[in-house]
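Colleague: I'm new to this one. Could you walk me through it and tell me what the words rest on?

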Amino acid sequence: MDSESHINGRPTYGTAAIKAETDAAVFMGNPHIDNLITIVIALGAEIWESRQRMLIMERLLEKHGRVTEEMIEQYVASDEEADLWEAKKAAMTERVYSVLARDTSGAKPFNSPFPY
Amino acid sequence: MIKRRTILGAGAGAVLASGAGLASQANAQDMNRWGTDGPSGLGQRTDTEGEVYPPGTLAPRGRFGRMERLPTLELESRQNFLRSFRTWVNMSLSAKAAERSNQVLRENDLPIDAEIPEARALELLMNEPLPQTASRAWLSSQQLMWNGLREEFEGRVEKYLGEMEAVDNYGGILELNPELDIPKYARHEIHIMPGGYVESPVAGHLYHYGTNGFYMGRNDNDEIHIGAARRMAIPADGKVKRILDLGTGVGQFAMALKERFPDAEVWGIDAGGPMVRYAHLVSTERKLEVNFAQRMAEDTKFPDNYFDLVTSYIMFHEVDPEATRKIMHEAYRITRPGGVFYPIDFNTLDNPPRTAYQQYRSYMDHRWNCEPWTPKWRACNPQQLIRDAGFDLNTEGPVALPRFGVLNATKPA
């Protein structure tokens, strides 16, 4: 880009913004833990992308006996399939991430006394 | 059937209008080129104008209702996941964080059903793992969402610029003003959207696809904007011939108003040039003759008493207090006697006490989701500002947007 206002001489009508500070925010006490949470969310998106592609491929093979990249890209799910995928996605999210919702108020340090 | 991206092959140059009324109106033949249907069938790589997509690229992927699908399944799937994840965070994870917040209040002998000072709420919760994890997950998913969209739209910016350039002179008026002095308050990266509403050449694309994620699947076809437009108050005499939507963004509410009042002259103005340029692209595709201009709401340039209806759709909480006051006065100036001013925004009347967790979330939204002016909006007494501008205030409805404020006003005859 040339600047906010032009790209290769073409006007964009852009004006410089005032940047947010959120990239520098630390909520988890250690910025690397914040980063790790971002990574596990990003990995979930990668996994779901692969799962959805596989679901489409399975359906295309079942229907047409062949599959091409274009067929995958342009596939439109039926309402029934879309609902099924939503349910699968929600179940995956719950299965993978519900541990984040665990109440850790009773967490014990690794060297806490053995109780028995 | 012509698809939006076919215009890329047309080689149309960008000739921008820089004043109301200067943009040309498309003739009927040209307008007919703008189909709104997506492609059907599998494997379609060309359109009615011939080979448009180079080997190794994919044809457009059609639409889901009004929205053109994102250009690749990869991006679409990831965005869908992030949308679902956001929903889970806002429902399940936040519910657990709120439970933990109540537990913390009880441990400190504080009431859970009465509002405590915000500083105390933050002090209690800022080091609590569950609320902090909920905030981290919410903002990380949002950052990933923006980054994914940015990679596509800014990564192929010349392609998307070309689409907008090709329709700059079709449809309704488009006024872009590179000389507009955009004040600092309007240049923040609201919702941590990269470049805010003003910087990225594809800010409109980012905003439209990004905020659809915010609505968690409930607004992919402008359902919420259309509902608000249908419930919008109108002047007692029923005359609605001219409408202005302030801070129109990508024009969803202006277009919804045009659909309700098809014979009205409808304008949408916004500080963001790329935003109104995208709004124009979309309205042209939809064959809705809505006029868009890059102007400030505190200085609209319209004549006195020009509009029957002046609206805004959740704009004011993104505006600083001084500009808020000026905009109220400007709205009064351009509304005709008997006309209606309806600024849809967060409720500022009779709000119930906020729980400690709600206060914590509000703070996180303000500080880390980059909502600089929301607390000021809640505190600025907009109902008094509306009266001070000269309007007769109405707080009885109609409720244009459920769960939001009902402040609206009439300019005395």
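Predicted model: local features only at pLDDT ≥ 70, side-chain atom pairs only at ≥ 80, totals over all residues.

Colleague: What makes chain A more spread out than a compact globule?

Modeller: The radius of gyration is taken over C-alpha atoms, and the globule rule is 2.2 Å times the number of residues to the power 0.38. For 116 residues the rule gives 13 Å, but chain A has 23 Å, well over that, so chain A is more spread out than a compact globule. Its C-alpha trace spans about 65 × 50 × 20 Å along the principal axes.

Colleague: How many residues of each chain are in the contact?

Modeller: Two residues are in contact if their C-beta atoms, placed from the backbone, lie within 7 Å. By that test, chain A puts in 45 residues and chain B 56. On the chain A side, α1(A) gives the largest share, eleven residues. Counting Ala, Val, Leu, Ile, Met, Phe, Trp, Tyr, Cys and Pro as nonpolar, Asp, Glu, Lys and Arg as charged, and the others, Gly among them, as polar, that side has 22 nonpolar, 13 polar and ten charged residues.

Colleague: Over in chain B, which residues of helix α3 are called buried?

Modeller: Buried means 20 or more other C-beta atoms within 10 Å of a residue's own, exposed means 12 or fewer, and partly exposed is in between, with C-beta atoms placed from the backbone. In α3 (residues 118-125) of chain B, B:Ala121, B:Leu124 and B:Leu125 pass as buried.

Colleague: Why do you say they line one face of the helix?

Modeller: Take the directions from the helix axis to the C-beta atoms. The buried residues of α3(B) fall within an arc of 85 degrees, so they line one face. B:Ala119 and B:Glu123, on the other side of α3(B), are exposed. The buried ones pack against α2 (73-107), α4 (129-153) and α11 (356-368) of chain B.

Colleague: What is the predictor's confidence in chain B?

Modeller: pLDDT is the predictor's confidence in each residue, from 0 to 100. Chain B has a mean of 87, with 86% of its residues at 70 or more. Over residues 1-51 of chain B, though, the pLDDT is below 50.

Definitions and conventions:
Residues numbered from 1 in each chain as written. Chains lettered and ligands numbered in written order. Helix = DSSP H or I, 4+ residues; strand = E, 2+ residues; numbered from the N terminus.
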